[in-house]
Amino acid sequence: MKIQAQSSILLRQALQKAAKCIDSKSTIVALSNVLLIQRKEDGKFFFVAGNTDSELIIPVPLSIVDGSFKEDVVLPIGNLLSLLSTLPDCVITLDLSQDKERNMKIEYCTQNGENVKKGNISLVYFSAEDFPRAQQPNNADIHIALPMATFKNVLAHAGKFVSDSELRPIMKCLCIDVAEDRSDVTFVASDGHRLIKLIHTNNPETGGSDFFREGTPGKILVHNAYFKTLSVFEDCEDIDIEANETMVRFTSGDITFICKKVSGQYPNYNSVIPKKNPYKVVVDKRELANVVKRVALFASESTNMIVLNREGMFLDVAARDLDFNMEANDQVIIMDSTCPEDHRIAFKASSLLVSLAPIPSDTICLHLGDSSRAGVITANESSPRALTLLMPMIIEE
């Protein structure tokens, strides 16, 4: 049987996407490679990649040129990627012997000036019998559909807020919280020191969409280990998310990703967000970010702490490193403020920069309290749809 890809680049891209779901340390040999299957109803080919907790199914630009595809096969993804990375864009033909030897011959042509050269490789492929398939979730308890641009933005920022501690696995998750009245879906991630909360409404006039499809509103917890694989959807227009008690399924077009749903109770994130921080400072986001980056170069390596201090029409940003006798001071112009003169609060510079990035506005509002109260960052508007929280640091005099 011969199958062919008209573009080696497109075949390589499909393999690279499949590799995002492969665990290099898998104890199951078959799961270190990729399963090739054919859909009976339309003859389309798909790669299936997985590990013990998840499975990715993506379309493959292959078609049969001779014979018939009688059974699924497992292809050596490492060898194929190594070969394809050395080739220019060309036609690739895979000739799979359907005997006990399971030999696969790969034929291709390359060009040098006007001369066309042929090349061939011989590899062994494997039986699909030892490739475990994920259980397909049948009935979904909840089903929503989102613009991929929205979900891509969530993944891009949430990964920087989830915890890296194995002691609290629930904090390594993205929480997708569908409101009981179905008016919005909230995305939350936190490591206990900082938090991000992004809201997508069902109102197109506020940048939302009609996202709810069926089921009972509730929370879906997605482990950050799956964020890398979910990036295969980034070029899609939209994405469907379905979940039951044990599994979550993401689909868009012919791409499907299934993973285990994290069980457990996600903390009440709204309870830790200060509702009435007494002070606010409105500044230009880019100016503040640039000043923080500059001043942080001279902050202590151990703490990375910067101090914000209201001084008249300026927000003073300072840092120092006593070990190396360094210090820096710069200022940001305040556009509006209810913060008293000489009010000081300290933050970790890197965390402040991470917390500024998700706010989709050129002008931001810092909602501040005393040195023990979390700072909140939003766009300078009445009903912001993005919010980040950051715990302050203790200022040692």
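This is a predicted model: local features need pLDDT of at least 70, side-chain atom pairs count only at pLDDT 80 or more; totals for chains, interfaces and linings use all residues.
**Entry 1: the open sheet.** I looked up the strand order and found β5-β1-β7-β8-β9, an open sheet of 5 strands with antiparallel pairing. From one strand to the next, the twist averages 25 degrees.

**Entry 2: β7 with β8.** I followed β7 (residues 92–96) against β8 (residues 103–112) and found antiparallel pairing over 5 bridges. Thr93 has Glu107 of β8 as its bridge partner.

**Entry 3: helix α2.** I turned to what packs on this sheet. Helix α2 (residues 77–84) does, touching β7, β8 and β9. The direction of α2 makes about 10 degrees with that of β8. Which residues of α2 are buried? I noted Ile77, Leu80, Leu83 and Leu84. They lie on the same side of α2, because they cover an arc of only 135 degrees around the axis. An α-helix has 3.6 residues a turn, so residues three or four places apart point the same way. The cover over the buried residues of α2 includes α1 (8–19), β2 (34–38) and β6 (73–75), together with β7, β8 and β9.

**Entry 4: strand β14.** I checked burial in β14 (residues 194–201) and found 7 of its 8 residues buried. Strand β13 (residues 184–190) runs antiparallel to β14, joined by 7 bridges; Val188 has Lys197 of β14 as its bridge partner. The hairpin of β13 and β14 has 3 residues between the strands, and Gly192 takes a positive phi near 95 degrees. I also found 5 bridges from β14 to β28 (residues 386–390), again antiparallel. There, Leu195 stands opposite Leu389 of β28.

Key: Residues are numbered from 1 along each chain as its sequence is written. Side-chain values use heavy atoms; hydrogens and water are left out. Two strands pair if DSSP finds at least two bridges between them. Helices (H or I, at least four residues) and strands (E, at least two) are DSSP runs, numbered from the N terminus. Axes are lines fitted to C-alpha atoms, for helices over the stretch in contact, and angles run from 0 to 180 degrees between N-to-C directions. Contact means heavy atoms within 4.5 Å. Buried means under 20% relative accessible area, exposed over 50%, partly exposed in between (1.4 Å probe, protein chains only). The arc is that of the directions from the helix axis to the C-beta atoms.
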